[in-house]
Amino acid sequence: QVQLQESGPGLVKPSQTLSLTCTVSGGSITTNYYYWSWIRQPPGKGLEWMGAIAYSGSTYYSPSLKSRTSISRDTSKNQFTLQLSSVTPEDTAVYYCARDLTGWGTEFDYWGQGTQVTVSS
């Protein structure tokens, strides 16, 4: 059973960089041919796929967030990390990590429980 757990600060100031880590257990993030995604849900809105890192280490990003998003990984810890720069209050959301079967945010089979991030001064 694959389990994912998000961690990181719950409050970030505007213009700063949001950084979240997803720790994976029950499976390796280097296993062919899985992808590992970040998804968010702003209050009152739907889910938004942000990007993914592949088993190979290749990264894929949503065009709307690409200029501000970076996803990396630490294979020794079986973790992958999201960095979102220049945040504004519009980046307030519940952030999820998930195992992605396509690499483009269209099909997920395991999710973390989500973590609330608020952008406020």
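R99 sits in strand β9, where strands are DSSP runs of E with at least two residues, numbered from the N terminus. Keep in mind that this is a predicted model, in which local features need pLDDT of at least 70, side-chain atom pairs count only at pLDDT 80 or more, and totals for chains, interfaces and linings use all residues. Residues are numbered from 1 along each chain as its sequence is written, and side-chain values use heavy atoms, with hydrogens and water left out.

So is R99 buried or exposed? Its relative accessibility is 10%, so R99 counts as buried; the cut-offs are under 20% relative accessible area for buried, over 50% for exposed and partly exposed in between, using a 1.4 Å probe and protein chains only. The R99 side chain makes a polar contact with the side chain of D109, at 2.6 Å. A polar contact here is a pair of N or O atoms within 3.5 Å; within protein, one must be able to donate a hydrogen and the other to accept it, and residues adjacent in sequence count only if both atoms are side-chain atoms.

Now look at what β9 pairs with. Strand β9 (residues 93-100) runs antiparallel to β4, joined by 7 bridges; two strands pair if DSSP finds at least two bridges between them. Along this pairing, Q41 stands opposite V94 in β9.

Strand β4 (residues 35-41) has another partner: β5 (residues 48-54) pairs with β4 in the antiparallel sense over 6 bridges. Here I39 stands opposite W49 in β5. β4 and β5 form a hairpin with 6 residues between them, and G44 in the turn has a positive phi of about 75°. Because 6 of the 7 residues of β4 are buried, this strand is largely enclosed by the rest of the structure.

Terms used: Helices (H or I, at least four residues) and strands (E, at least two) are DSSP runs, numbered from the N terminus.
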